[in-house]
Amino acid sequence: MQKITILIHCKDRPNIIASVTNFVAEKQGNIVYIDQHVDREQNIFFMRLESEFIHESFTADKFKEAFKNNLAGKFGMKWRIYSSARKPKMALFISKYDHCLYDLLGRYNSGELNLEIPFIVSNHLDLKPIADSFKIPFYHIPVTKDTKQEAEQQQLALLEKYKIDFIVLARYMQIISEKLITKYPNKIINIHHSFLPAFVGAKPYHSAFKRGVKIIGATSHYVTEELDAGPIIDQGVTRVSHSHSIEDLIAKGRDLEKIVLANAIKLHTNRKVMVYNNKTIIFS
């Protein structure tokens, strides 16, 4: 049995759902999930469909070609078809913070994440022992103002060598360049606290503590050229009070970062995210 996921968006018009489901039925597919959304302001139709095929003659490539020729042009669709036979490859970019790295590698090691991690890259050596303990190749690529361009070329070479599908910045404390973003559009996932733009700088939790905030949070989003302004994939919040210290706020924030980043990765790898005009449609 083979399973595929279809993601579609196009101008809304009658008969889209019926046409797609009938097409899948004609190809002897069994639809196991279907969901759709219409953005009334933009008049855009979004759809996600999962289908299983048991016929031996079925191939994803033939299905894609037939879909392109019979449906995509007719409705002016932007579409993607993914096969469950191949796990996406994720590269981890890290610096010195270890909480997200430990969490993701633990989930990966237990089989919770449906992906492969061919390598980890860092601008520091501090977390190499963690990568070694999980038997994942670790690459140290220092980044300074003078070597940033050279470091980026090394990163790109690794990404190409391992045929990476998407990148996760697990508290990677460097700004990603336009070249890398252009090569991986909506395929670089970042995580950070949700105090922006109110509390900027190196110590946002200290600033939030001084203001007596009552809610702290974390945000995971795709990276764009505008810093921390990409399409949001997932967010989480928790309440705090005057009884919590700065250390309490930081600990709660890191817990949120781990959960939110893991959720964002799952949504991305399970093909449940669609991006349109810097906004995401998240299917259940």
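A salt bridge here is a side-chain nitrogen of Lys or Arg within 4 Å of a carboxyl oxygen of Asp or Glu, and the count by that rule comes to 10. Keep in mind that this is a predicted model, where local features need pLDDT of at least 70, side-chain atom pairs count only at pLDDT 80 or more, and totals for chains, interfaces and linings use all residues. Residues are numbered from 1 along each chain as its sequence is written, and side-chain values use heavy atoms, with hydrogens and water left out.

**Salt bridges**

- K3 pairs with E50, their closest N and O atoms being 3.1 Å apart. That bridge links distant parts of the chain, 47 residues apart: K3 sits in strand β1 (residues 2-11) and E50 in strand β3 (residues 44-53). Helices (H or I, at least four residues) and strands (E, at least two) are DSSP runs, numbered from the N terminus.
- K3 is partly exposed because its relative accessible area is 28%, whereas E50, at 12%, counts as buried. The cut-offs are under 20% relative accessible area for buried, over 50% for exposed and in between for partly exposed (1.4 Å probe, protein chains only).
- R107 bridges to D103 at 2.7 Å between the closest N and O atoms. Both lie in helix α3 (residues 99-109), four residues apart, about one turn of the helix, and both are buried.
- K258 and D255 meet at 3.4 Å, N to O, three residues apart in helix α8 (residues 246-269). K258 is partly exposed at 23%, and so is D255 at 41%.
- Shared partners join D103, R107, E112 and K266 into one salt-bridge network.

**Aromatic rings**

- There are 12 aromatic pairs, counting rings of Phe, Tyr and Trp (its six-membered ring) with centres within 6.5 Å; planes under 30 degrees apart are stacked, over 60 edge-to-face and the rest tilted.
- One of them is F67 with W79, a tilted pair at 5.2 Å centre to centre and 55° between the planes. F67 belongs to helix α2 (residues 60-75) and W79 to strand β4 (residues 78-83), 12 residues apart.
- F67 is buried, with 0% relative accessible area. Ring pairs link F67 into a cluster with F23, F53, F58, F63 and W79.

**Charges over rings**

- R271 lies over the face of Y82, 3.9 Å from the ring centre, and R171 over that of Y97 at 4.5 Å. The rule asks for NZ of Lys or CZ of Arg within 6 Å of the ring centre and within 35 degrees of the ring normal.
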